[in-house]
Amino acid sequence: GNLFEQVQLAPPDPILGTALAYKADTSKDKMNLGVGAYRDDNEKPYPFKVVRKVESQIVNDHSIDKEYLPIDGLAQFNTAAQQLIFSKDSAAVKEGRVITSQAISGTGALRIGFEFLAKFYNREVLVSNPTWGNHHDIIKCSGLNFKQYRYYNPKNMSLDFNGMFTDISMAKPGSIVLLHACAHNPTGLDLTEDQWKRLAGLFKQNRLFPFFDSAYQGFATGDLNRDAYSIRLFTELGFQLIVTQSFAKNMGLYSDRIGAFHLVCANKETAAKCLSQLKLVIRPMYSNPPAHGARIATKILTDPALYNEWMEELSMVSKRIIDMRTALKNELVRLEVPGNWNHIVTQIGMFSYTGLTPEQCDILINKYHIYLLKNGRISMCGITTKNVGYLAAAIKDAVV
Ligand code: PMP
């Protein structure tokens, strides 16, 4: 008999599904505003030149073998990744309280993070409403439960900080709160430095556990240090916390699956025990991580000349995104599309949360071959100087 007859066809992933629909579309006007991957002004993927350069060095270096990495990955990578997010002179790092493991990009870091918490800190999790959809599924996989805190005010398309503060203040003391370190996905709305400080006060008072997801360091402002502000603030205030770090966007290493998991502990002794247990989480999951991306990132992070080349490319990339925000807003204003489109330029990072309704999104998709998420999120990276006019005209048709 058919052993799997009862298996139902699952819906495509809402984000990766848009990429497939875009690929299958034969229209010459089609636009891919779904998936969050950088594109140049010709809509082409952009592998960083510095990555290409380092890759050819690695390929030609025959002293590099194909042995397994340790369970927690390449040691030099872990140190470099730690310094990038916490800074070179972080007291917590110097005190040996921060444990770091290479991870299968940001998603893998989140996965081992929640598995670790489910085993050793089984509390309710709070996530922003909305958040990156995969957060919900990753938390559920670990067996933990999540609640939502307010984050977005659809009325004025802005951050609902008071709602956020109130909802988090009502969480059970000790709860885990998932925060986007910068460039919140999907809203593009971040807290100000003052709001982060007020939030830290609340976390202290209610003994809340901060879990920072950092997938866009360098993509929000173009400045790696400014984009790590929230994490460094909470670490300096003495919190025990988790950071999940991805190099998918800021080095363009999407398919190399390179990221890191960091846990800041109360002291060195506890840190050593936690690392030993983290290895027991990882070993049955995937044994040990792949080496290629870790080698690339390590070279870029530790060689000053390569680091500078990376900085230049990163600022070029983040600048193009900011330019496209201005271009889209100006087009919408020029075409006199009803509504206030200021949020397009004030939002931060790779995405814009347009405020378009699901029905308006359907018009863009079905009539104009413009692929975006049904919640109105567009990736700014798919917009170019050549197609921004087409997009603005299509939005006008959908809105009017
Ligand atoms: N967190 C957030 C908020 C993200 O937007 C993403 C990427 N879309 C990730 C984590 C993880 O991405 P990756 O696994 O490719 O590093």
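Which residues of β10 lie on one side and which on the other? Ile 258, Ala 260, His 262 and Val 264 share one side, and Gly 259, Phe 261 and Leu 263 take the other; all are buried, so both faces of β10 are covered. The close-up views below come from a predicted model, in which local features need pLDDT of at least 70, side-chain atom pairs count only at pLDDT 80 or more, and totals for chains, interfaces and linings use all residues. Residues are numbered from 1 along each chain as its sequence is written.

**View 1. Strand β10 is covered on both faces.** Helices (H or I, at least four residues) and strands (E, at least two) are DSSP runs, numbered from the N terminus. In a regular strand the side chains alternate between the two faces of the sheet.

**View 2. An open sheet is built from 7 strands.** The order is β2-β10-β9-β8-β7-β3-β4, with mixed pairing. At the edges are β2 (98-104) and β4 (146-150), each pairing on one side only. Two strands pair if DSSP finds at least two bridges between them. On average, neighbouring strands of this sheet are turned by 25° against each other, direction ignored. The axes are lines fitted to C-alpha atoms, for helices over the stretch in contact, and angles run from 0 to 180 degrees between N-to-C directions.

**View 3. β10 pairs with β2 and with β9.** β2 and β10 run antiparallel and are joined by 7 bridges. Val 98 stands opposite Val 264 of β10. Strand β9 (residues 241-246) also runs antiparallel to β10, through 6 bridges. Here Gln 245 has Ala 260 of β10 as its bridge partner.

**View 4. β3 and β7 pair in the parallel sense.** Strand β3 covers residues 125-129 and strand β7 covers residues 176-180; 2 bridges link them. Val 125 has Ile 176 in β7 as its bridge partner. One joins Asn 129 and Pro 130, with omega about 5°. Pro 130 sits in the loop between β3 and α6 (133-142). Another cis bond runs from Asn 185 to Pro 186, with omega near 15°. Pro 186 belongs to the loop between β7 and α8 (193-205).

**View 5. Gln 102 is buried in strand β2.** Gln 102 counts as buried because it has 29 C-beta neighbours inside 10 Å. Leaving out residues up to four places away in sequence, Gln 102 touches Asp 72, Gly 73, Leu 74, Phe 77, Asn 78, Ala 260, Pro 289 and Ala 294. Contact means that C-beta atoms, placed from the backbone, lie within 7 Å. Thr 244 is 142 residues from Gln 102 in sequence, and the C-alpha to C-alpha distance is 10.0 Å.

View 6. Ser 105 is in helix α5 and has a positive phi of about 60° although it is not a glycine. Ser 105 is buried, with 23 other C-beta atoms within 10 Å.

**View 7. Helix α14 (residues 358-368) has buried and exposed residues.** Cys 361, Leu 364 and Ile 365 are buried. Seen down the axis of α14, the buried residues fall within an arc of 90°, so they line one face of the helix. The arc is that of the directions from the helix axis to the C-beta atoms. They pack against β12 (370-371) and α15 (388-399). The face turned away from the buried side carries the exposed residues Glu 359, Asn 366 and Lys 367. Just after α14, His 369 adopts a positive phi of about 60°.

Note on methods: A residue is buried if 20 or more other C-beta atoms lie within 10 Å of its own, exposed if 12 or fewer, and partly exposed in between; C-beta atoms are placed from the backbone. Two residues are in contact if their C-beta atoms, placed from the backbone, lie within 7 Å.
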